[in-house]
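User: Could we go through this model together? I would like to begin with the terms.
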Amino acid sequence: MKRLAVLLMAAGAAAWWWRKRSAGGDDAAGWSTPESATAPAAEPEEPPKLGGEVDPELLEILACPLDKQPVSRQGDYLVCSACQRHYPIREGIPVMLIDEALSPEQAAATPG
Ligand SMILES: [Zn+2]
């Protein structure tokens with residue numbers, strides 16, 4: 001009987017897809033011609049937003065990749081207690097990369 005349930009679910013999904021597809025109208029037009037090289041210019045991807053909630057437990061185990069010193073949160077950045085590099089937090093995810101970090105000078109020059 002389990003198999004039947006799976007089949008029913010699959011049928012439901014297919015019906016949903018079909019309804020969505022036929023209701024879409026314009027959306028479906030491009031589907032059959034994936035080769036069409038006239039894709040609209042890719043919109044510039046928005047960079048992830050700075051900030052967000054960081055798990056406090058995560059904060060405790062994070063360390064500066066350069067000198068392995070603990071970091072503390074200052075605004076949207078995690079700041080190394082030793083070298084003062086600022087590691088950005090993007091949508092709640094600390095980016096602990098030296099390349100991505102702001103030097104203390106850069107951080108001082110960044111408004112906000
Ligand atoms: Zn450091």
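Analyst: A residue is buried if 20 or more other C-beta atoms lie within 10 Å of its own, exposed if 12 or fewer, and partly exposed in between, with C-beta atoms placed from the backbone. This is a predicted model, in which local features need pLDDT of at least 70 and side-chain atom pairs count only at pLDDT 80 or more, while totals for chains, interfaces and linings use all residues. Residues are numbered from 1 along each chain as its sequence is written.

User: Is Q74 buried or exposed, and why?
Analyst: Q74 counts as exposed because it has 11 C-beta neighbours inside 10 Å. Q74 belongs to strand β1, residues 71-74; strands (E, at least two residues) and helices (H or I, at least four) are DSSP runs numbered from the N terminus.

User: What about the largest nonpolar core: which residues form it?
Analyst: The nine residues are C64, V71, Y77, L78, V79, C80, Y87, I89 and A101. Such a core is a set of buried Ala, Val, Leu, Ile, Met, Phe, Trp, Tyr and Cys residues joined through C-beta atoms within 7 Å.

User: Which strand supplies the largest share?
Analyst: That is β2, with four residues.

User: Changing topic, what is the order of elements from the N terminus?
Analyst: The order is α-α-α-β-β-β-β-α, giving four helices and four strands. Of the 112 residues, 10% count as buried.
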